[in-house]
Amino acid sequence: MELIDLHVHTTASDGTLSPSDVVRRAKKLGLKAIAVTDHDTVDGVAEALKEGEKIGLEVIPGVELSVDVPKGTCHLLGYFVNFRDRGLREKLQVVQRAREERNLRMLERLRELGIELSLEEVKAHAPDGQICRPHFALAMVKRGYVSSVEEAFERFLRKGGPAYVEKFRFSPEEAIKTILEAGGLPVLAHPFTLELDPEQLEEFVKKLKGEGLVGIEVYYPDHDNGQRELYRRLALQYDLAITGGSDYHGSAKEEIELGKGRGDLLLPYSMLQDLKRRLR
């Protein structure tokens, strides 16, 4: 069976492998296609596409947008976006400027907690891309403030933690519109993070469908069988594409392998073919 992975991160955001290295790893593991879906940036797409053409691996240009919701967290994946689209890049620049301000505020929060880090120390862990919370965690480990990235998140950086600062997020409607206007297909990522019960989730999916939602990420390493069945039922009920991916970050999430998740992902190429049929 020809396998794919539709949720992959690189050093353009918070992954630990460059776009080229991710593509080469996917090829080595026998995958037929991957989607590069970095957080709020498309800066790694061109490099990944070039490497994919070179070694014979299909690369889908993508992005993962953070979305503002009252409860939990929400991300929207955008597949087949025109990564050179001016409107998309302008929207993402707004996010990047907000992220830079957030980073400075997080450094100040950490100083108030007795953790002295410079922006340069954090940047050293993100030489090719934007600074994200894992880079703060790595800098804290290097300085000996914590023993692991997990401890950094649990004690300081998790949502609601003492050093956490809320980041800019699109409204659900704006995120979907941004992806559609860039020629892409918007898909709801890992629905469990919304922290909604089945009835609430259905209402949310129904609303997003009306805005132009095209798919649901049914297969994801942290989804149990019951969640997969629920998301699959919603996809069928609302004529949405069924997608999946590992959310690969390289060594930042050592237990997650590209194309396999924790070993049971195994997503068929037919899943990608269904997405392609929905392109306008």
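Visitor: Which residues touch the most other members of the largest nonpolar core?

Guide: They are Ile-34, Tyr-79, Leu-188, Leu-272 and Leu-275, and the core holds 66 residues. A nonpolar core here means a set of buried Ala, Val, Leu, Ile, Met, Phe, Trp, Tyr and Cys residues joined through side-chain atoms within 4.5 Å. Buried means under 20% relative accessible area, exposed means over 50%, and partly exposed is in between, using a 1.4 Å probe and protein chains only.

Visitor: Which strand gives the largest share of this core?

Guide: That's β3, residues 58-67, with 5 residues. Helices (H or I, at least four residues) and strands (E, at least two) are DSSP runs, numbered from the N terminus.

Visitor: What should I know about the model itself?

Guide: It's a predicted model, where local features need pLDDT of at least 70 and side-chain atom pairs count only at pLDDT 80 or more, while totals for chains, interfaces and linings use all residues. Residues are numbered from 1 along each chain as its sequence is written, and side-chain values use heavy atoms, with hydrogens and water left out.

Visitor: Okay, zooming out. How many helices and strands are there?

Guide: The chain has 10 helices and 8 strands. The radius of gyration is 18 Å, close to the 19 Å that the globule rule gives for 280 residues, so the chain is as compact as a globular protein of that length. That radius is taken over C-alpha atoms, and the rule is 2.2 Å times the number of residues to the power 0.38.

Visitor: What does the C-alpha trace span?

Guide: About 55 × 45 × 40 Å along its principal axes. Buried residues make up 53% of the 280 in the chain. Among contacts with a separation of 6 or more, 72% are between residues 24 or more positions apart.

Visitor: And how far apart are the mean positions of the charges?

Guide: They're 2 Å apart, for 41 positive and 47 negative charges. Lys and Arg count as positive and Asp and Glu as negative, while His and the chain ends are not counted. Each charge is placed at NZ of Lys, CZ of Arg, CG of Asp or CD of Glu.

Visitor: New topic: His-39. Buried or exposed?

Guide: Buried, with a relative accessible area of 10%. His-39 is in the loop between β2 (33-36) and α2 (45-55). Its contacts, not counting residues up to four places away in sequence, include His-9, Asp-14, Glu-64, His-75 and His-249.

Visitor: Where is Gly-52?

Guide: In helix α2. Gly-52 is buried too, at 2% relative accessible area. Leaving out residues up to four places away in sequence, Gly-52 touches Val-23, Leu-57 and Val-59.

Visitor: How about Ile-176, where does that lie?

Guide: In helix α7, residues 172-181. Ile-176 is buried, with a relative accessible area of 0%. Beyond residues up to four places away in sequence, its contacts include Leu-76, Pro-186 and Leu-208.

Visitor: And Phe-204, which helix?

Guide: Helix α8. Phe-204 is buried at 13% relative accessible area. Apart from neighbours within four places in sequence, Phe-204 is in contact with Val-69, Cys-74, Leu-188, Leu-194 and Leu-196.

Visitor: Last one: what is phi of Glu-195?

Guide: Near 60°, which is a positive value in a residue other than glycine. Most residues other than glycine have a negative phi. Glu-195 sits in the loop between β5 (185-188) and α8 (198-211), and Glu-195 is partly exposed at 47% relative accessible area. Asp-239 also has a positive phi, near 50°, and lies in the loop between α9 (225-237) and β7 (241-244).

Terms used
Contact means heavy atoms within 4.5 Å.
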